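Let's work through a few exercises together, with the model open beside you. Try each task before you read its solution.

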Amino acid sequence: MLHSVRSFFNLIIYPLQTIASTPANIGIWLNEQLDSHQSLITENESYRTNNLLLKAQLQKFTSLQAENIRLRSLLKSSRKLKDQMLIAETIAVDLDPYKRQIVINKGQRHSIYAGQPILDAYGIMGQVIHPGIVSSSAILITDPSHAIPVQINRNGLRTVLYGTGAANYLEVQNLPNNADIELGDLLITSGLGGRFPEGYPVAKVVNIMRDPGQPFAKVIAEAAAHLEQSREVLLVMAQESKPQLLSEQIIKENSSDE
Amino acid sequence: MNNKPASHGGIVILLSFAIALMLNMIQIPDYLKIYRPEFVTLILIYWCIALPHRVGILTGWSVGFLLDIQMDSLLGLHAVALAITAYLAYKLHARIRLYPLLQQSLIILLLVTLSQMLILWINGISGLAHGDWSYWMPALTSMLSWPWIFYLMRTIRRMYGVN
């Protein structure tokens, strides 16, 4: 009930938010307009190289994906491999300075729901908490009240990553001192808890403090996503994973390929 | 005074609250965020002092409710804090009007601190406490910005004949 009240009154706030975000938008616009011709060419060139590289990697990825689906269907295990995405833009407004939250310009009208994961091009950013009708508020993974289940990419060790409230930094609080974790380890989502899809990068370990007097090591990690800069964010649309249906689909796909 | 139409200049009051809400969410650099004055509280206190027969607890509650939606806090958190602030400002309006500006600013410091303390308590109960002295900064900056806001709002009120 209260959620619908909140999303309704969000409609009143939305125009104010739009007006309040104009100074920031003007700043960005001016920055784009005043960019020099030369720097635009350089930027364009780097995008082109990057695109080529990514496409080359993608060629390999498609065949690997097909192979993965085949092997998994042999093992009769199912797993989501592709997630549907929706692009949203952040609205440049400030919320409580002691929380890490953002406002995005998509809401229930675009079938956004509470708990929906948000990513950018580099990793997990957070999740939607209050979907409004045309805009929603989302909590970032660095918010002090946020925790996300992760695993270490190198060895699959599972743990939970907590937000610290500081920009870009997260903390692992409950790994024992002798746990196999190293500087530079990539932490990816483990998919446990069922909220975040599995296998997306979350953070990189930047500091480990092993104090023999303490039962747990203190591990600080830096968020992989550009939490404070991203203007465009991606929303993952949930899909129910149904084992039988998936294997049926694979058979269909395989037969259509031939 | 009583035979004047009571509904004069309501749009000015509404607009002033809208602008205060916008000032509250406009993007500023990270290191300035903790110094942002409580614009909504200041405007509310001003109207409570200037027009106690029109702006009071109900207005305070409604504006606080919108602030809750905007700041995405617990629904009713700012509503309660601003309703109580409005009540106190309403109770004290006859006195505050007579005080010189310096003394008014001190009362503002007290009122804003009180509303912040309420918010801190309720946040603490729901597990969101932030034990940092910088939390009280807005009360101080609100006090310092009160003389300007007071003059500005009085000029606006007289210009548009809000009563």
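**Exercise 1. Does L21(B) count as buried or exposed?**

Solution. Start with the cut-offs: a residue is buried if 20 or more other C-beta atoms lie within 10 Å of its own, exposed if 12 or fewer, and partly exposed in between, with C-beta atoms placed from the backbone. L21(B) has 24 C-beta neighbours inside 10 Å, so it counts as buried. This is a predicted model, in which local features need pLDDT of at least 70 and side-chain atom pairs count only at pLDDT 80 or more, while totals for chains, interfaces and linings use all residues. Residues are numbered from 1 along each chain as its sequence is written, and chains are lettered from A and ligands numbered from 1 in the order in which they are written.

Helices here are DSSP runs of H or I with at least four residues, strands are E runs of at least two, and both are numbered from the N terminus.

Finally, list its partners. Beyond neighbours within four places in sequence, L21(B) is in contact (C-beta atoms, placed from the backbone, within 7 Å) with L16(A), V40(B), L66(B), L67(B) and Q70(B).

**Exercise 2. Describe how helix 1 of chain A packs on helix 3 of chain B.**

Solution. Two packed helices are described by the angle between their axes and the distance between the axes. Axes are lines fitted to C-alpha atoms, for helices over the stretch in contact, and angles run from 0 to 180 degrees between N-to-C directions. For helix 1 (residues 2-20) of chain A and helix 3 (residues 57-71) of chain B, the angle is about 95° and the axes are 9 Å apart. The pair is therefore roughly perpendicular, a label that covers 65 to 115 degrees.

Now find the contact residues: R6(A), F9(A), N10(A), I12(A) and I13(A) on one side, and L66(B), I69(B) and Q70(B) on the other. By class, five are nonpolar, two polar and one charged.

**Exercise 3. How many residues of chain B are in contact with chain A?**

Solution. Count each side: 18 residues of chain B are in contact with 23 residues of chain A. On the chain B side, helix 1 and helix 3 are the elements giving two or more residues. Sorted by class, that side has 12 nonpolar, four polar and two charged residues; Ala, Val, Leu, Ile, Met, Phe, Trp, Tyr, Cys and Pro count as nonpolar, Asp, Glu, Lys and Arg as charged, and the others, Gly among them, as polar.

Technical notes: Angles under 35 degrees count as roughly parallel, over 145 as roughly antiparallel, 65 to 115 as roughly perpendicular and the rest as oblique. Two residues are in contact if their C-beta atoms, placed from the backbone, lie within 7 Å.
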